[in-house]
Amino acid sequence: MNLTVLAASGQTGIALTRQALRRGHTVTAIARDPERIALPDSPNLRKVAGDVNDAASIAAVVDGDSVVLSALGTDRAGILLTGAQAVVAAGPWRVIWLGAYGTGKSAEVAGEGAGVLAKVLGDRLADKVEADNTVLAAGGTVFHAGMLADGPESPRRRTVGLEAAPPFDLGAKVSRETVAAAMLDEAEAPGFPGAVALPLAE
């Protein structure tokens with residue numbers, strides 16, 4: 001498949017890009033500074049400059065044949081919604097978006113941990129929720145991951161819908177490699193179109 005990875009220079013973006021190449025896909029990797037995409041050159045890898053604050057730069061790369069996997073993250077409110085709007089406006093075939101467990105549609109099933117997360121996120125919470133809803137309304141899949149960590153892909157990983165979501169445990173971790181693998185599974189074989197999915201380590 002031809003995949004497009006947004007925010008490809010971050011840790012999760014690197015994991016998505018590396019695993020996609022390993023699976024035999026062709027990848028267009030977008031970052032504000034493509035030189036920060038710390039992966040070796042490959043015939044199946046194209047590194048391009050793009051910034052979600054410049055919707056035209058996203059539209060120049062994304063089209064109706066694109067499957068976009070977003071690892072966009074930020075510590076500033078407004079960036080995620082801006083990014084989601086830019087991606088959706090570019091009209092991709094599918095969007096697979098990384099969100100946070102315990103926010104928006106997963107807040108109720110997450111339990112008490114969602115309240116703690118809301119306090120941590122502050123004014124970024126509404127940005128996350130609105131970005132997720134923008135992607136979901138366009139038929140995309142939003143992955144609500146728990147606390148991200150380094151480490152290998154879990155051999156016992158699984159992906160579930162909200163109806164099978166466990167309570168949110170602030171002490172539980174899921175590796176970025178595990179999350180990336182789950183997102184790529186969804187790209188290859190859609191199981192949660194227009195819905196929230198949870199990547200679990202076991």
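Guide: Welcome! The model is predicted, so local features need pLDDT of at least 70 and side-chain atom pairs count only at pLDDT 80 or more, while totals for chains, interfaces and linings use all residues. Residues are numbered from 1 along each chain as its sequence is written, and side-chain values use heavy atoms, without hydrogens and water.

Visitor: Why is the pair of Tyr101 and Phe168 called edge-to-face?

Guide: Rings of Phe, Tyr and Trp (its six-membered ring) pair if their centres lie within 6.5 Å; planes under 30 degrees apart are stacked, over 60 edge-to-face, and the rest tilted. For Tyr101 and Phe168 the values are 5.5 Å centre to centre and 75 degrees between the planes, so the pair counts as edge-to-face. A search of the whole structure finds one aromatic pair.

Visitor: What makes the pair a link between distant parts of the chain?

Guide: Tyr101 and Phe168 are 67 residues apart. Tyr101 sits in the loop between strand 5 and helix 4, and Phe168 in the loop between strand 8 and strand 9. Helices (H or I, at least four residues) and strands (E, at least two) are DSSP runs, numbered from the N terminus.

Visitor: Are Tyr101 and Phe168 buried or exposed?

Guide: Both Tyr101 and Phe168 are buried, a term for under 20% relative accessible area, with exposed over 50% and partly exposed in between (1.4 Å probe, protein chains only).

Visitor: How do you know that the span of helix 1 agrees with its number of residues?

Guide: The expected span is 1.5 Å times one less than the number of residues. The twelve residues of helix 1 should therefore span 16 Å, and the end C-alpha atoms are 17 Å apart, which agrees. Among the buried residues of helix 1 are Ile14, Leu16 and Ala20. After helix 1 comes Gly24, with a positive phi near 95 degrees.

Visitor: What makes a set of residues a nonpolar core?

Guide: The members are buried Ala, Val, Leu, Ile, Met, Phe, Trp, Tyr and Cys residues joined through side-chain atoms within 4.5 Å. The largest core has 33 residues, and Leu6, Ile58, Leu72, Val87, Trp97 and Leu198 touch the most other members. Helix 3 gives the most to this core, with five residues. A second, separate core of 28 residues includes Val5, Ala20, Ala71 and Met183.

Visitor: Which residues does UniProt give for the feature "domain: NAD(P)-binding"?

Guide: The unreviewed UniProt entry places this feature at residues 8-189. Over residues 8-189 the chain is 37% helix and 20% strand.

Terms used
UniProt positions are given in the numbering used here, feature names are shortened, and annotations may be inferred rather than shown by experiment.
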